[in-house]
Amino acid sequence: MNRQPHRRYNPLIGEWVLVSPHRTKRPWQGKEESQHKDDRPEYDAECYLCPSNKRAGGFTNPKYENTFVFTNDFSALLPESNNDGISENSDLFKIENLTGECRVICFSPRHNLTLAQMDVESIRKVVDVWDEQIAELGKKYKWVQVFENRGEIMGSSNPHPHGQVWASTSLPNEASKENLNQRKYFTEKESILLVDYLEKEFEKKERIVFENEHWVVLVPFWAIWPFETMLLPKRHVQQFAQLTDEEKESLSSILKIHLTKYDNLFSTSFPYTMGWHGTPFDGEDNQHWQLHAHFYPPLLRSASVKKFMVGYEMLAEAQRDITAEQAAVKLRELSEIHFSET
Ligand code: H2U
Ligand code: ZN
């Protein structure tokens with residue numbers, strides 16, 4: 001299976017990925033991302049997110065000491081929208097109104113850190129903010145998307161350590177696909193898709209990267225991005241609010257290790273988009289849901305060569321060269337000590 005082209009099915013979203021392991025030997029004369037030396041100061045007077053600084057929206061940040069959450073000054077979703085004039089619901093033209101909120105989460109007052117470089121105690125504060133934000137926004141909105149866009153290559157607009165949360169009255173596409181597929185599996189098998197999947201992965205041991213008492217990081221069988229991973233609790237947990245204090249503590253420490261390994265892969269501050277998927281807040285009991293985080297990093301073979309989702313990917317289906325198993329081996333073997341400290 002490791003050499004021949006094949007397709008793998010992603011049961012979580014109901015889509016296929018083409019795997020072409022024999023292609024890893026092809027020469028590369030394409031784009032190489034320029035590498036910036038990370039010489040950020042601890043505090044940057046020009047940064048919109050540093051404590052006490054003025055933001056682009058005109059507001060001034062408090063002199064925060066741990067985390068700081070504010071409403072995005074350029075929110076993609078708004079709590080009130082008045083779209084009465086443009087409602088349309090025919091077969092070919094549909095418009096749906098939605099409301100929502102977008103917030104920015106500063107992970108640390110220190111401009112020159114990343115989650116990977118923060119200590120476990122400070123990462124725990126970020127975990128608690130995620131927890132609080134999901135609980136608070138979940139009271140008002142059906143879907144709460146916590147995420148982090150890291151690195152210039154991912155379009156992150158600011159190097160200050162931060163993430164975002166967007167909440168909306170309707171389920172976005174990815175949430176909707178995962179909801180549907182997990183529900184279908186639950187109805188047919190009376191068990192939970194990702195819980196069953198994890199059990200099988202523990203038997204096979206081919207794609208597990210790292211585990212601690214409560215959590216596991218693995219490269220999913222159906223991964224699309226070269227070093228894509230999922231982070232899952234070892235027991236059935238539907239939503240953040242169900243995590244115990246101990247589980248949040250060990251989540252903080254597995255995050256530290258996972259992100260350190262990522263940085264060590266190409267000795268660079270590893271870019272990625274990560275985010276949490278838990279039950280929708282739609283009033284259903286949603287037994288079929290299993291909480292998990294996705295990590296989608298774009299780098300392929302070095303700190304400067306990224307994978308592009310173009311051509312066949314845009315027109316036909318996602319494709320990868322290095323297999324999920326090969327990626328898991330690479331990640332597994334990496335040190336848990338950050339390269340900058342050795
Ligand atoms: P990204 O780095 O992932 O783009 O996130 C930064 C967010 O911060 C972005 O959504 C917001 C941008 O709208 N922002 C503010 O709300 N106020 C500012 O002063 C700068 C950036
Ligand atoms: Zn800053």
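## The second largest pocket

Strand 12 contributes five residues to the lining of the second largest pocket, the most of any element (strands are DSSP E runs of at least two residues and helices H or I runs of at least four, numbered from the N terminus). The model is predicted: local features need pLDDT of at least 70 and side-chain atom pairs pLDDT 80 or more, while totals for chains, interfaces and linings use all residues. Residues are numbered from 1 along each chain as written, chains are lettered from A and ligands numbered from 1 in written order, and side-chain values use heavy atoms, without hydrogens or water.

This pocket has a volume of about 620 Å³. Its lining comprises 30 residues, and Ile13, Glu174, His277, His294 and Tyr296 are the ones nearest the centre. At least two lining residues come from each of strand 2 (15-19), strand 7, helix 2 (173-189), strand 12 and strand 13 (292-296). By class, the lining of the second largest pocket has 16 nonpolar, seven polar and seven charged residues (Ala, Val, Leu, Ile, Met, Phe, Trp, Tyr, Cys and Pro are nonpolar, Asp, Glu, Lys and Arg charged, the others, including Gly, polar). A pocket is an open set of points on a 1 Å grid over the protein atoms alone, with protein on both sides within 12 Å along at least five of seven lines; a cavity is a set where a 1.4 Å probe fits but cannot get out, and lining residues have an atom within 4 Å of a point.

## Cavities

Two cavities of 30 Å³ or more are present in the structure. The lining of the largest cavity has six nonpolar, four polar and no charged residues.

Thr114, Leu115, Ala116, Arg150, Leu259, Asp263, Phe270 and Tyr272 line the second largest cavity. Five of these lining residues are nonpolar, one is polar and two are charged.

## Helix packing

The axes of helix 2 and helix 3 (residues 193-204) come within 9 Å and cross at roughly 80 degrees, which makes helix 2 roughly perpendicular to helix 3 (angles of 65 to 115 degrees). Asn181, Gln182 and Tyr185 of helix 2 meet Leu193, Leu194 and Asp196 of helix 3 (heavy atoms within 4.5 Å). In this contact, three residues are nonpolar, two polar and one charged.

Helix 4 (residues 245-265) and helix 6 (residues 324-333) have axes that come within 9 Å and cross at roughly 105 degrees; helix 4 and helix 6 are therefore roughly perpendicular to each other. Helix 4 makes the contact through Lys261, Tyr262 and Leu265, and helix 6 through Leu331, Arg332 and Glu333. The contact of helix 4 with helix 6 has three nonpolar, no polar and three charged residues.

## Strand pairing

Strand 1 (residues 6-10) and strand 2 run antiparallel and are joined by five bridges (pairing requires at least two DSSP bridges). Histidine 6 has valine 19 of strand 2 as its bridge partner. Four residues separate the strands of this hairpin, in which glycine 14 takes a positive phi near 70 degrees.

Strand 2 also pairs with strand 16 (residues 319-320), in the parallel sense and over two bridges. Here leucine 18 has glutamine 319 of strand 16 as its bridge partner.

Note on methods: Axes fitted to C-alpha atoms, helices over the stretch in contact; angles between N-to-C directions. Parallel < 35°, antiparallel > 145°, perpendicular 65-115°, else oblique. Points joined across faces, edges and corners; volume = space filled by probe spheres on them.
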